[in-house]
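Here is a short report on one protein model.

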Amino acid sequence: MIKILRRFGFSKADAQVYIYLAKKGPRGEIDLCKALKLTSKQLDIILKNLQSKGLITTTIAQAKLFSALSFEIVLDQLVKSHIQHASAITENKEELLARWRSSIQNEDS
């Protein structure tokens with residue numbers, strides 16, 4: 001599963017944390033650090049990255065708990081993201097090619 005997520009742009013650590021949360025359910029930072037052998041600083045970076053991508057949520061009660069979105073939702077988000085990326089490249093293809101050709105001609109001059 002880690003290999004599959006890595007193909008979609010996850011770092012190894014991001015994939016490990018996501019998979020752990022998806023399998024084990026909501027967990028706190030201390031549990032995650034112990035289970036995955038990560039420092040608090042490493043985990044903080046990973047959690048912020050996963051949160052910024054909308055792949056995990058945070059519940060603030062007495063203790064902060066992190067939860068993974070379902071894998072189906074994550075796949076839907078990844079597909080949507082890749083389609084948008086491909087569309088952006090397609091829409092800007094001519095401009096990108098023109099800039100490329102111009103930069104090559106400038107180097108040859």
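## Nonpolar core

Which residues have the most contacts inside the largest nonpolar core? They are F10, V17, Y18, L32, L43, L47 and L50, in a core of 20 residues. At least two residues each come from helix 2 (12-24), helix 3 (29-36), helix 4 (40-52) and helix 5 (71-91). Helix 2 gives the most, with six. A nonpolar core is a set of buried Ala, Val, Leu, Ile, Met, Phe, Trp, Tyr and Cys residues joined through side-chain atoms within 4.5 Å. Helices are DSSP runs of H or I with at least four residues, strands are E runs of at least two, and both are numbered from the N terminus.

L43 is in contact (heavy atoms within 4.5 Å) with V17, E29, L32, C33 and L38, leaving aside neighbours within four places in sequence.

## Model basis

This is a predicted model: local features need pLDDT of at least 70, side-chain atom pairs count only at pLDDT 80 or more, and totals for chains, interfaces and linings use all residues. Residues are numbered from 1 along each chain as its sequence is written, and side-chain values use heavy atoms, without hydrogens and water.

## Residue S67

S67 lies in strand 2 (residues 64-68). S67 counts as buried because its relative accessibility is 15%; buried means under 20% relative accessible area with a 1.4 Å probe, protein chains only. Leaving aside neighbours within four places in sequence, S67 is in contact with P26, L55, I56 and T57.

Note on methods
Buried means under 20% relative accessible area, exposed over 50%, partly exposed in between (1.4 Å probe, protein chains only).
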